[in-house]
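Here is a short report for a reader who is new to this structure.

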Amino acid sequence: MQLTQFSSGDVIADRRADYARMLAESGDPAAAAELMEQALELAPAWAAGWLRFAEYLEKAGNGDGAITALRKVQELDHEEIFGARLKLALLGAIEVPDQPPSRYVEALFDDYADRFETALVERLDYSVPEKLSALLKRYRGERGPFRLAIDLGCGTGLFGVEIRSVVERLEGFDLSVNMLAKAEEKGVYDFLARADLSLDAEGSGLFVDGLSPHRADLLTAADVLMYLGDLEAPFSLVSKLSDRGAYFAFSVEDAGGDDGFH
C-alpha cells in the first residue's frame, strides 16, 4: 500500500524521499527524517510522505514528533487508507479503536496479494490451512461432505484448496479484490465476491445476488478475525449465514499477554 502510492507528484520531493529511504535502510533514521522533512516542505499535502516521516521519527526515538506527523496524516487521509489511527494508538496517543479502518485493511491486502503466498508459505512456514482443515475433517468424521461452505476472508484461497474435497459447494468472500483474483486462479471456488465482515448483514456483501441467509453448514475464517477488532459484527454475520447445526472453523493468534485483546 505505502509503496504503490508513494509519490508526491513533485519530482524533487520524490527524489529527496528516495534518498531518505536509502538513509533509513542504511540504519540512519534521524538523517532520513531530516531529509523527509525537506521533501514535505515541497509537498505539504502529501499524506503518504507524512506517514513515512512519522516512521523515520519513531525509529529515531522521536515519539512526539511521530505523533505530530501521524496527526497530519489523519488530517489529509480522509479515507483512512494509511491507518493513522492504529499507529497513533500503538504510540499511546489515542485509545485503541474498536476496529481497524476497512480501507486500510483493503489497501494493505490489495498491495500484498502478489507476494502474499510467498511471504507466508515459503518464509513463515504458514500452516494454518492444513491444521484447521485436519481438525475439521476429524470432527466431521464419516458423515460425508458439507453441503455448502462459506470461506470468510478467503484471501488467495489457501484454505479453500484444503477443504474443497469435503464440500459440495464453496463460496469465498474477501475485502480485497486483488486477493479474490488470486483465489479465482486456483479454480476451487464456486462463487467469489467482495465482502466487508466489519459491517452488518445489509452492508456486508454476503447476501448479494439473491444469496440467502442460513444457507451454510460450514463457515470458515482462517487467519481473519485478528484483522477485525471487535468481533460482534463478524459473529453476527456467521449466525445469519449458519444453517442449523453448522460448523464454524476459525483461527486466532495468541498475543502472549493477559486475557482479552489488544
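The chain has 12 helices and five strands. Both are DSSP runs, numbered from the N terminus: helices are H or I with at least four residues, and strands are E with at least two. This is a predicted model, in which local features need pLDDT of at least 70 and side-chain atom pairs count only at pLDDT 80 or more, while totals for chains, interfaces and linings use all residues. Residues are numbered from 1 along each chain as its sequence is written, and side-chain values use heavy atoms, with hydrogens and water left out.

**The whole chain**

Taken along the principal axes, the C-alpha atoms fill a box of roughly 65 × 40 × 35 Å. The chain has 262 residues, and 45% of them count as buried. Buried means under 20% relative accessible area, exposed means over 50%, and partly exposed lies in between (1.4 Å probe, protein chains only).

**Charges and salt bridges**

The chain carries 26 positive and 47 negative side chains. Lys and Arg count as positive, Asp and Glu as negative; His and the chain ends are not counted. The centres of the two sets lie 4 Å apart, with each charge placed at NZ of Lys, CZ of Arg, CG of Asp or CD of Glu.

The whole structure holds 15 salt bridges. Each is a side-chain nitrogen of Lys or Arg within 4 Å of a carboxyl oxygen of Asp or Glu. The table lists three of them.

| Pair | N to O distance |
|---|---|
| Arg115 and Asp111 | 3.2 Å |
| Glu117 and Lys186 | 2.4 Å |
| Arg147 and Asp243 | 3.0 Å |

Take Arg115 and Asp111. Arg115 is partly exposed, at 42% relative accessible area. Asp111 counts as buried, at 15%.

Next come Glu117 and Lys186, which meet in a salt bridge. Glu117 lies in helix H7 (residues 116-123) and Lys186 in helix H10 (residues 177-186), so this pair ties together parts 69 residues apart in sequence. Glu117 is partly exposed at 27%. Lys186 is partly exposed at 29%.

Arg147 and Asp243 also form a salt bridge. Arg147 belongs to strand S1 (residues 146-152) and Asp243 to strand S5 (residues 242-250), so the pair ties together parts 96 residues apart in sequence. Arg147 is partly exposed at 38%, and Asp243 is partly exposed at 32%.

Salt bridges also form a network, which links Glu79, Arg103, Glu106 and Arg194.

**Asp174, a buried charge**

Asp174 sits in strand S2 (residues 167-174). Asp174 is buried but has no salt bridge. Which side chain of opposite charge is nearest to Asp174? That is Arg194, 8.0 Å away.

The side chain of Asp174 reaches two backbone nitrogens: that of Gly155 at 2.8 Å and that of Cys154 at 3.4 Å. Leaving aside neighbours within four places in sequence, the contacts of Asp174 include Gly153, Met179, Leu180, Ala193 and Ala195.

Methods: A polar contact is a pair of N or O atoms within 3.5 Å; within protein, one must be able to donate a hydrogen and the other to accept it, and residues adjacent in sequence count only if both atoms are side-chain atoms. Contact means heavy atoms within 4.5 Å.
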